[in-house]
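Me: I am new to this structure and would like to go through it by question and answer. Please show it first.

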Amino acid sequence: MDVIAGLGQGFLVAFDPINLLYCFIGVFIGTLVGVLPGIGPVSAMSLLLPVTLSGTPESGIIMMAGIYYGSMYGGSTTAVLVNIPGEAASVVTCIDGHEMAKRGRAGPALGIAALGSFVAGTFSIVALMLVAPMLAKVAVAFGPPEYFSLMVLGLSILSFLTQGSMAKALLMAAVGVIIGLVGLDQINAMPRLTFDRLELVDGIGLIPVVMGLFGVAEILTNIEQQVRRDIVQSRIGSLWPSKADLKASAGPVARGTVLGFLLGILPGGGAVISSFASYAIEKKLSPTPERFGQGAIEGVAGPESANNAAAGGAFIPLMTLGIPPNVVMALLLGAFVIHGLQPGPLMMSQNPQIFWGIVASMYVGNIMLLVLNMPLIGMWVQVLKAPYKILFPLILMFCIVGVFASGNAVFDVFVMIGTGVLGYLMRKFGYEAAPLVLAFVLGPMLENNLRKSLILSEGTFDIFVVRPISLVCLLIAAALLVAPLLPALRKKREKVALDATD
Amino acid sequence: MMLRRAEFWGGLFWLAVGAFVAWQGWLLELGTLREPGSGFVFFWLGLIIVAFSTSIAIGGLRGEGPLLGDLWRGARWRNVLLVVLALIAFGFLFERLGFVLCSLALLLFLMTVVDPVRPTISIPVSLIAAVGVWYVLEKMLLVQLPKGTWIEDYIPF
């Protein structure tokens, strides 16, 4: 009953004309950045974070959420038509989606991607709506040790799932925590690593760091290569899949949806991992696995549903525990904090209009996306034809403007340039930015909860192992950290990373 | 040969960073386990970075990973250098020349020198983008952008 009353209140918020407009802007920009290779939801959300300041908290967060799930929709368009993933979660869609397009079946590929995304998105919202209140009740019992251990688990999973060396991923997480701790000590107000710079007393801003590591670094990486786009030139034709296509896709969509939602809840790269897992499952279950890679519609339907369901699932840890499971959710946490809100177990009781408003807006946004994606494919194709040599200077200018507008400080622009160069070199040397950014956001919470736990336990680490939730989290984290040392597991992990790279 | 490995130099860089962070943590005071000080987390994380980076650097010495030169083989690194230099120049001139002039110069530079496009495209795109963004932010969203300390006396708006 509470859920229905809450949802009713949420729809009142979502149908407010200004929130409808913000939702539309969010899903539109989300689709656009999903379509455009080289700019992802993280860059777009960082760019628009300052814009959320001008409206109410719910408007801003509705828009930010729209960018995220909108980008999941948009990514498939580029994957199918250009064979380049618009964003990371669409990597696997390229395999069969582009093959379908080359065989004159771009329409059904795009159609099933949109339909599967819609079904998965809707399911994940319903599940979010039902699971989140239950989890929030449990989360009230969480104390500093549980929070600390959960964050350690989150960082361990992300490090485990990133490509390449785990030592590098863990090193990046440690660096991220340190960058996040620059500024005044939360407990005794002692300046730390500020080098007597007034600009650093409040810490390093999330926006310049993210824009540098993702936006500027991405551009620097792209401009050193000769980008060649193989856009499908033939007519796209009808987007509506045939009866046979729909029948073949029903199972993959259902399985991808459930799998994506469950993996999305886990900290780490839920959307990316779930799309790969879905593809692998569908190939295994198929009576004709040899069709995969040759344009099998199941290879598009499953992964596309999985990545959209994961996008919905990722909201659960943020909304109920206040812990972002991935970089995008970390940015959303930033948007909450900017507005003086703290997502977590008490949010549903203290700010129900925001929680339910976001949930209801996701229903509305999903319908908007379906409407936006089906008839506007032609427009997205035109956008894709814009040469990168014109796009990248504009993206760079938007990065600078976004960073400057967020803090009105040129210092932040220099931070962005610095982290941009660092991010570019990190890519060159094989260091992933995602663990760094997640750790950067979690750093202050991690330190705070560690110190509080030690004060509570009078200096013993027993507090982390005598509490069951904390113990379980730490055991899983330890297992993940030890796993790469075992040769069989190391090979499996490297294979996942290799698949992701391919 | 081993010293030309990218892993070695990457590890060495983070080793220096980790050592510096641990040293800073030590200076900030570690406190006790009952009451950890401001430098507690810095110190231990610094040591963790030292440990990981040492293992990476040793991997480089054993011949793991690509050669440093291979990372930029065939890459248009001149473009990267030009963009970074343009951004640094932009940062220094932003408050002095103001948003519109700086953005215009940056866009024209990127579209003329770094990855050239026809002037019939680069000039209108740069003009529309710089003035358009300035108008939307300054006039519609009321975001204050630098007018330019060197030129503000000469602009009428």
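Me: Is A:Glu282 buried or exposed, and at what relative accessible area?
Reply: This is a predicted model, in which local features need pLDDT of at least 70, side-chain atom pairs count only at pLDDT 80 or more, and totals for chains, interfaces and linings use all residues. Residues are numbered from 1 along each chain as its sequence is written, chains are lettered from A and ligands numbered from 1 in the order in which they are written, and side-chain values use heavy atoms, with hydrogens and water left out. Buried means under 20% relative accessible area, exposed over 50%, and partly exposed in between, with a 1.4 Å probe and protein chains only. A:Glu282 is buried, at 3%.

Me: Which residue forms a salt bridge with A:Glu282?
Reply: A salt bridge is a side-chain nitrogen of Lys or Arg within 4 Å of a carboxyl oxygen of Asp or Glu. A:Glu282 lies in helix α11 of chain A and its partner in helix α10 of chain A, so the pair ties together parts that are 27 residues apart in sequence; helices are DSSP runs (H or I, at least four residues), numbered from the N terminus. The closest N and O atoms are 2.9 Å apart, and the residue is A:Arg255.

Me: Which residues are joined into one network by salt bridges that share partners?
Reply: Over all chains the count comes to 16 salt bridges. Those that share partners join A:Asp185, A:Arg192, A:Glu447 and A:Arg451.

Me: How many residues of α12(A) are buried?
Reply: Helix α12 of chain A covers residues 298–313 and reaches 22 Å from its first C-alpha to its last. The helix is largely enclosed by the rest of the structure, because the buried residues number 16 of the 16.

Me: How many residues does the largest nonpolar core have?
Reply: A nonpolar core is a set of buried Ala, Val, Leu, Ile, Met, Phe, Trp, Tyr and Cys residues joined through side-chain atoms within 4.5 Å. Among those with the most contacts inside the largest core are A:Phe336 and B:Val83, and the core has 200 residues.

Me: Which element of chain A has the lowest mean pLDDT?
Reply: pLDDT is the predictor's confidence in each residue, from 0 to 100. The mean for chain A is 83. Where pLDDT is low, the predicted coordinates should not be read in detail. The lowest mean among the elements of chain A is 53, in helix α23.

How values were computed
Helix = DSSP H or I, 4+ residues; strand = E, 2+ residues; numbered from the N terminus. Expected span 1.5 Å × (residues − 1).
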